[in-house]
Amino acid sequence: MELIDPIVRFQTELQEIRRDLHAHPELAFQEQRTSDVVATKLTEWDIPTIRGLGGTGIVGVIKGGTRDRAIGLRADMDALPVQEANRFAHASRYTGRMHACGHDGHTAMLLGAAHYLAQHRDFDGTVYVIFQPAEEGGGGAKRMMDDGLFERCPMEAVFGMHNWPGAPVGSFGVTAGPMMASSNEFEVIIKGKGAHAAQPHKGIDPIMVAIQIAQSWQTIVSRNCNPLDAAVLSITQIHAGSATNVLPDEANLIGTVRTFNAPALDLIEQRMREIAEHTAAAFGASVEFRFLRNYPPLINHAKETAFAIEVMQGIVGPANVNAQVEPTMGAEDFAFMLQKKPGCYAFLGNGEGTHRDAGHGLGPCNLHNPSYDFNDALLPIGATYWVKLAQAYLRF
Ligand code: NI
């Protein structure tokens with residue numbers, strides 16, 4: 001592996017930073033301490049900062065050479081409402097909060113890159129290191145953009161990265177085009193008419209209507225969507241009733257829809273609404289239909305992806321770069337940034353979990369699992385990738 005020596009020598013410090021962040025996880029938009037740690041380090045390394053974008057978001061501005069060109073590198077800082085099962089020394093100090101997605105590692109890798117870039121300034125232009133809040137459902141990327149990220153930090157392209165459990169350490173996965181799905185939520189309230197369970201003819205049973213709707217919705221992906229478009233419609237909650245002898249007034253269907261393109265999403269939303277409304281009407285019930293579009297699909301730009309692949313190959317060799325990684329139906333708010341700027345998002349292998357310290361939980365080392373831990377062996381690899389990306393993009 002072609003790692004940058006000063007970064008490798010800095011690994012112990014990066015590991016300390018990473019483990020300190022792991023021990024002090026903060027939820028979406030509450031990353032005050034994390035943001036302060038980032039700000040303190042950047043200031044210590046003579047990197048001017050812009051704070052307050054998206055609340056706790058922070059950008060370090062690193063200039064080299066004389067040119068006007070600029071690139072953005074982005075990490076996320078937030079943790080999850082998960083009770084950590086690990087018992088090693090750097091496990092979460094807080095009840096019900098955990099860095100179960102490795103954003104502690106993402107923050108540390110980008111800090112490692114910032115440290116090197118500020119010390120060496122061996123590039124011609126500006127590198128914006130972007131530390132965003134609230135990736136886990138809060139849309140922190142969007143909030144930073146709404147607060148003027150791209151106006152105050154005018155960059156030509158922006159790059160993102162996520163650790164990927166199961167893929168070997170020292171491997172990258174990426175693909176041009178759609179790589180992660182859009183994430184959308186729905187909630188349908190079916191309004192019937194409550195009655196004694198022994199006298200159903202005196203009411204309108206919303207539970208039966210909910211069941212009909214739920215069944216019929218399963219024909220949308222199989223019968224209405226183009227078979228070549230990947231899509232998921234999952235009902236994740238059904239709520240109704242509270243007694244064995246009472247038919248309730250209402251029933252709720254709640255869940256998520258994932259697609260890779262807008263036409264498929266439009267079609268699914270429209271068909272869900274039609275089926276819900278007409279099915280309810282057929283039974284004399286009515287519906288309140290809510291459909292919320294959270295994150296758009298993450299679409300990597302072809303040119304920037306080819307560029308990133310070249311950089312990855314230079315570090316880990318072509319055999320360790322999967323340039324056509326299978327897209328995932330998971331979602332990621334970096335998608336918002338890629339709607340405004342060209343760029344590329346990539347996965348960095350986190351290994352199988354054998355790196356974990358003694359005392360780790362007994363579950364798998366998967367994202368959002370209580371037994372997960374970021375692999376510190378990635379710190380110099382990820383930081384090297386960031387630096388080489390910036391150097392290549394802002395070549396003299
Ligand atoms: Ni994540």
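Trainee: In which hand does H4 pass H11?

Mentor: This is a predicted model, in which local features need pLDDT of at least 70, side-chain atom pairs count only at pLDDT 80 or more, and totals for chains, interfaces and linings use all residues. Residues are numbered from 1 along each chain as its sequence is written, and side-chain values use heavy atoms, with hydrogens and water left out. Now the general idea: a crossing is left-handed if the near helix is turned anticlockwise from the far one by less than a right angle, and right-handed if clockwise. Here H4 passes H11 in a right-handed crossing. The labels follow DSSP runs, numbered from the N terminus: helices are H or I with at least four residues, and strands are E with at least two.

Trainee: At what angle do H4 and H11 pack?

Mentor: Axes are lines fitted to C-alpha atoms, for helices over the stretch in contact, and angles run from 0 to 180 degrees between N-to-C directions. Helix H4 covers residues 103-120 and helix H11 residues 378-393; they pack at about 50°, with their axes 8 Å apart. Angles under 35 degrees count as roughly parallel, over 145 as roughly antiparallel, 65 to 115 as roughly perpendicular and the rest as oblique. H4 is therefore oblique to H11.

Trainee: Which residues make the contact between H4 and H11?

Mentor: Contact means heavy atoms within 4.5 Å. On H4 the contact is made by Gly105, Ala108, Met109, Leu110, Gly112, Ala113, Tyr116 and Leu117. On H11 it is made by Leu378, Leu379, Gly382, Ala383, Trp386, Val387, Ala390 and Gln391. For classes, Ala, Val, Leu, Ile, Met, Phe, Trp, Tyr, Cys and Pro count as nonpolar, Asp, Glu, Lys and Arg as charged, and the others, Gly among them, as polar. The contact of H4 with H11 has 12 nonpolar, four polar and no charged residues.

Trainee: How do H9 and H11 cross?

Mentor: The axes of helix H9 (residues 302-316) and H11 come within 10 Å and cross at roughly 125°. That makes H9 oblique to H11, and the crossing is right-handed. From H9, Phe307, Ala308, Val311, Met312 and Ile315 meet Thr384, Tyr385, Lys388, Leu389, Ala392 and Tyr393 in H11. By class, the contact of H9 with H11 has nine nonpolar residues, one polar and one charged.

Trainee: How many salt bridges does the structure hold?

Mentor: Side chains of opposite charge can pair when their charged atoms come close. A salt bridge is a side-chain nitrogen of Lys or Arg within 4 Å of a carboxyl oxygen of Asp or Glu. The structure holds 20 salt bridges. In one of them, the side chains of arginine 19 and aspartate 376 meet at 2.8 Å, N to O. This pair links distant parts of the chain, 357 residues apart: arginine 19 is in helix H2 (residues 11-23), and aspartate 376 is in the loop between strand S16 (343-349) and H11.

Trainee: Is aspartate 376 buried or exposed?

Mentor: Buried means under 20% relative accessible area, exposed over 50%, and partly exposed in between (1.4 Å probe, protein chains only). Aspartate 376 is buried, with a relative accessible area of 7%, whereas arginine 19 is partly exposed at 22%.

Trainee: Where do glutamate 187 and arginine 290 lie?

Mentor: These residues form a salt bridge, the closest N and O atoms being 3.5 Å apart. Glutamate 187 lies in strand S8 (residues 182-191) and arginine 290 in strand S13 (residues 286-295), so the pair ties together parts that are 103 residues apart in sequence. Glutamate 187 counts as partly exposed at 24% relative accessibility, and arginine 290 counts as partly exposed at 41%.

Trainee: With which residue does glutamate 269 form a salt bridge?

Mentor: The partner is arginine 293, with the closest N and O atoms 2.8 Å apart. Glutamate 269 is in helix H8 (residues 262-282) and arginine 293 in strand S13, 24 residues apart. Glutamate 269 counts as buried at 16% relative accessibility, while arginine 293 counts as partly exposed at 39%.

Trainee: Which residues do salt bridges with shared partners join into one network?

Mentor: The network consists of Arg18, Arg19, Asp104, Asp357, Asp373 and Asp376.
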